[in-house]
Amino acid sequence: MSTWLLLHYKLPNKPSALRVYVWRKLKRIGAILLHEAVWVLPDLPRTAEQVQWLTAEIQEMGGEAYSWRASTILGQDDESITQQFHEQVDTVYSDLLKKLGKPKADLQELSRQYQQTAAQDFFHSKLGLIAREKLTSKRGEKS
Amino acid sequence: MKWVTWKNIGVDRMACIWLIRRWIDPEAEFTFISTGEKSSPKDGEPFDIPGERYSHHGGHCTFYAFLSENKINDPILTRIAQIVDEADEVQEVTVEPAALGLDLICRGLRQISKDDFEAMERGHLIYEAIYAELSKDEA
């Protein structure tokens with residue numbers, strides 16, 4: 001059974017920049033927004049710290065925030081949540097693989113994209129492994 | 001004086017402890033309490049605990065708070081603050097590739113240390129090394 005981190009918060013309506021700031025931070029961490037209501041992340045040492053600090057930061061901004069460690073009551077729900085995390089990174093990986101196949105691909109830019117995505121790849125997607133192998137095999141290739 | 005933080009120190013707190021001992025309070029004594037526990041005044045000045053003065057503020061790490069609260073102006077320490085920020089906080093802009101590597105090292109260091117006291121000694125060495133190496137850039 002998986003343990004999840006949940007985050008729910010409320011921010012003042014204005015300035016709207018704060019809302020954007022928090023939203024972007026959660027996207028950057030790789031969190032998923034379930035039903036426009038609650039943000040979810042797997043419970044890992046790094047994500048737990050990130051959620052802890054973000055919760056404190058929202059409170060400091062004058063918002064209200066609560067975060068929990070939780071497990072689903074129906075075990076099969078773990079699978080569907082995990083699946084959503086897979087989909088999130090696989091979209092980027094497949095786009096990356098498509099770009100890698102093109103002549104004169106910008107390898108530096110694509111490696112940067114790969115690293116960013118890999119940091120959110122909590123469940124080790126197979127596509128990520130393929131992207132990584134493709135990228136490393138391009139290394140030193142004279143085009 | 002006495003200082004208190006949660007157990008299981010990582011990249012930010014190893015840096016803070018090094019900074020405290022080296023620049024702020026050479027006689028510093030440290031206490032490590034359980035994660036999530038509220039510190040009591042008798043334990044000393046809390047740091048890297050949410051809501052405290054020496055903590056994350058405005059998306060910056062605790063090391064950064066120590067520099068600004070104590071008005072420490074040292075270009076090398078400012079550079080280290082940027083590295084720790086990128087290692088320990090969610091950043092959109094990243095300019096220090098060393099950050100992720102340092103985070104990995106500090107996590108591993110804690111894992112192979114028998115307690116936080118041992119980890120902080122080993123962390124001390126890491127930050128001494130970083131400071132020395134970055135000093136060459138500044139010279």
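**Terms and their grounds in chain B**

Tutor: B:Trp3 stands opposite B:Glu45 in strand 3 of chain B. This is a predicted model, in which local features need pLDDT of at least 70 and side-chain atom pairs count only at pLDDT 80 or more, while totals for chains, interfaces and linings use all residues. Residues are numbered from 1 along each chain as its sequence is written, and chains are lettered from A and ligands numbered from 1 in the order in which they are written.

Student: What makes strand 1 and strand 3 of chain B a pair?

Tutor: Two strands pair if DSSP finds at least two bridges between them. Strand 1 and strand 3 of chain B have two bridges, in the parallel sense, so they meet the rule. Strand 1 and strand 2 of chain B also run parallel, joined by five bridges, and B:Thr5 stands opposite B:Phe32 in strand 2. Strands here are DSSP runs (E, at least two residues), and helices likewise (H or I, at least four), numbered from the N terminus.

Student: Why are strand 2 and strand 3 of chain B said to stand at the edges?

Tutor: The three strands of chain B form an open sheet in the order 2-1-3. Strand 2 (29-33) and strand 3 (45-46) each have a single partner strand, so one side of each is left without a neighbour in the sheet.

Student: What makes the β-α-β unit of chain B right-handed?

Tutor: A crossover is right-handed if, with the strands pointing away from the viewer, the path from the first strand over the helix to the second runs clockwise. In chain B, the unit is made of strand 1, helix 1 and strand 2, and it is right-handed.

Student: Why is B:Thr62 called buried?

Tutor: A residue is buried if 20 or more other C-beta atoms lie within 10 Å of its own (exposed if 12 or fewer, partly exposed in between; C-beta atoms are placed from the backbone). B:Thr62 has 27 other C-beta atoms within 10 Å, and is therefore buried. B:Thr62 is found in helix 2 of chain B, where B:Phe63, B:Tyr64, B:Ala65 and B:Phe66 are buried as well.

Student: What covers the buried residues of helix 2 of chain B?

Tutor: The cover includes helix 1 (11-24) and helix 3 (75-88) of chain B. Two residues are in contact if their C-beta atoms, placed from the backbone, lie within 7 Å. Leaving aside residues up to four places away in sequence, B:Thr62 touches several residues, including B:Asp12, B:Cys16 and B:Phe47.

Student: Which residues touch the most other members of the largest nonpolar core?

Tutor: A nonpolar core is a set of buried Ala, Val, Leu, Ile, Met, Phe, Trp, Tyr and Cys residues joined through C-beta atoms within 7 Å. The largest such core has 33 residues, and B:Met14, B:Cys16 and B:Phe63 are among those that touch the most other members. Its largest share, eight residues, comes from helix 1 of chain B.

Student: How do you know that the radius of gyration of chain B agrees with that of a compact globule?

Tutor: The radius is taken over C-alpha atoms, and the globule rule is 2.2 Å times the number of residues to the power 0.38. With 139 residues, a compact globule would have a radius near 14 Å; chain B has 14 Å, so the two agree.
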